[in-house]
Structure formats: C-alpha cells, structure tokens
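Subject: Structure for your review

Dear colleague,

Please find the structure below, followed by a summary of what was found in it.

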Amino acid sequence: MRFSANRLYIEAYEKCPNCGVLLYDNPGARASWVIQNGKTYCSQWCVTWEADRAARRASAPTS
Ligand SMILES: [Zn+2]
C-alpha cells in the first residue's frame, strides 16, 4: 500500500457528498462532475438534490 498526500486527498474528497459514489473509481464520468462549495459531486442532479434537502431542513420545524 502506498501513502502520499495526493492519494489521501483523493480518498478523502473524491466521493460524492450526496450519494457517496466513489468518483475516483470511475474517472470516465469526470465530465459530469460538479464542484460546488469545494466539494465534488458526481452530477448536477446530486448538487440540486442536496440544495433542495438543505432548503427543506431550513423551512422545517426543528421539533
Ligand atoms: Zn452523487
């Protein structure tokens, strides 16, 4: 096993924060990735979905 700063960066961040798909496992899909707020999403769909979820949380009662 090889450790490098770059490898750790990839494993820590190259994962869609919405659906959790491992982006580095599928570099052919790179064209559809969307970088938003410093995070890399697998697609625009996930960016939109997470934004919608945040909006729902913001408007929902906390109880
Ligand atoms: Zn995703």
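The 4 donor atoms around the zinc ion subtend angles of 105 to 117°, and the arrangement is therefore tetrahedral. For four tetrahedral donors, the ideal angle at a metal is 109.5 degrees. Please note that the model is predicted.

The protein donors are the SG atoms of Cys16, Cys19, Cys42 and Cys46, lying 2.3 Å from the zinc ion. Along the chain, these donors follow the spacing C-x2-C-x22-C-x3-C. The pair Cys16 and Cys42 links distant parts of the chain, 26 residues apart: Cys16 belongs to the loop between helix H1 (5-13) and strand S1 (34-36), whereas Cys42 sits in the loop between strand S2 (39-41) and helix H2 (44-59).

As to accessibility, Cys16 is buried at 2% relative accessibility, and Cys46 is likewise buried at 2%. Cys42 has a relative accessible area of 17% and counts as buried because the limit is under 20%. The structure holds 0 disulfides.

Helix H2 consists of 16 residues and reaches 23 Å from its first C-alpha to its last, close to the 22 Å expected at 1.5 Å a residue. Which residues of H2 are buried? They are Cys46, Val47 and Glu50. Seen down the axis of H2, the buried residues fall within an arc of 105°, so they line one face of the helix. Strands S1 and S2 are among the elements that cover these buried residues. On the other side of H2, Trp45 and Ser59 are exposed.

With kind regards

Conventions: Residues numbered from 1 in each chain as written. Predicted model: local features only at pLDDT ≥ 70, side-chain atom pairs only at ≥ 80, totals over all residues. Heavy atoms only, no water. Disulfide = S-S within 2.5 Å. Buried < 20%, exposed > 50% of the residue type's maximum accessible area, 1.4 Å probe, protein only. Donors = N, O, S within 2.8 Å, 3.2 Å for Na, K, Ca; no water. Tetrahedral: all angles 85-135°; square planar, octahedral: opposite > 155°, others 65-115°. Helix = DSSP H or I, 4+ residues; strand = E, 2+ residues; numbered from the N terminus. Expected span 1.5 Å × (residues − 1). Arc of directions from axis to C-beta. Contact = heavy atoms within 4.5 Å.
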